[in-house]
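Trainee: Could we go through this one together? I'd like to understand its pocket and its charged pairs.

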Amino acid sequence: NGLIGTHLIPASMDHGMSEIAAANMLALVGIFDIIGTTASGYLTDRYDPRKLLFAYYGLRGVALLILPWALGSSHFALFAFIVVYGLDWIATVPPTVAIASKEFGVARGPLVYGWVFAAHQVGAAFAAYVAGLSRTVMGDYVLVFNGAAMLCMIAALCALRIGTSSLLPG
């Protein structure tokens, strides 16, 4: 769902990759996702989940920033994207659940996480729509991938402020 689940295959095909090769690439993202999410659960039990979210969103932003370049360059760069993006694709779930439970209590935390997840799906749908519209109008995904990278960087910085008196500096 969202940007990569919906548009990685067509973006790859825009750069000369076959449909099957692009689908295999997305499957590899999913394999690394399983590893990353499992490791994230382990790390969430041992480290500050805000710092983990900072790292995950920051790395996701960097991966999205290099994606347009990686699609048109070496296989190594594309594989680096697959690994980095895959490892943190759903890795945000364990620290988000931990933060929701800490901030809202064990009884309400899962409910709050459910609403966060629902809001995420709305955002994912919006990202997929905007990416398709942008590709249709501009002919490529560069602006969308770069915009998503910037949003990830902002999310990374915001994650450090969770649980403080304000999300805004000052």
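Mentor: Happy to! One term before we start: a residue is buried when its relative accessible area is under 20%, exposed when over 50%, and partly exposed in between. Please keep in mind that this is a predicted model.

Trainee: Arg 60 forms a salt bridge with which residue, and is that partner buried or exposed?

Mentor: The closest N and O atoms of this salt bridge are 3.7 Å apart, and the partner of Arg 60 is Asp 88. Arg 60 lies in helix α3 and Asp 88 in helix α4, so the pair ties together parts that are 28 residues apart in sequence.

Trainee: Which helices does the salt bridge between Asp 14 and Arg 135 tie together?

Mentor: The closest N and O atoms of Asp 14 and Arg 135 are 2.7 Å apart. Asp 14 is partly exposed at 38% relative accessibility, and Arg 135 is partly exposed at 27%.

Trainee: Which element gives the largest share of the lining of the largest pocket?

Mentor: That pocket holds about 1,400 Å³ of space and is lined by 42 residues, with Arg 60 among those nearest its centre. The elements giving two or more residues to the lining are α1, α3, α5 and α6. The largest share, 18 residues, comes from α5.

Trainee: How many residues of that lining are nonpolar?

Mentor: The lining also has nine polar residues and one charged residue. The nonpolar residues number 32.

Notes: Residues numbered from 1 in each chain as written. Predicted model: local features only at pLDDT ≥ 70, side-chain atom pairs only at ≥ 80, totals over all residues. Heavy atoms only, no water. 1 Å grid on protein atoms, 1.4 Å probe; cavity = no way out; pocket = protein on both sides within 12 Å on 5 of 7 lines; lining within 4 Å. Points joined across faces, edges and corners; volume = space filled by probe spheres on them. Helix = DSSP H or I, 4+ residues; strand = E, 2+ residues; numbered from the N terminus. Nonpolar A, V, L, I, M, F, W, Y, C, P; charged D, E, K, R; others polar. Salt bridge = Lys/Arg side-chain N within 4 Å of Asp/Glu carboxyl O. Buried < 20%, exposed > 50% of the residue type's maximum accessible area, 1.4 Å probe, protein only.
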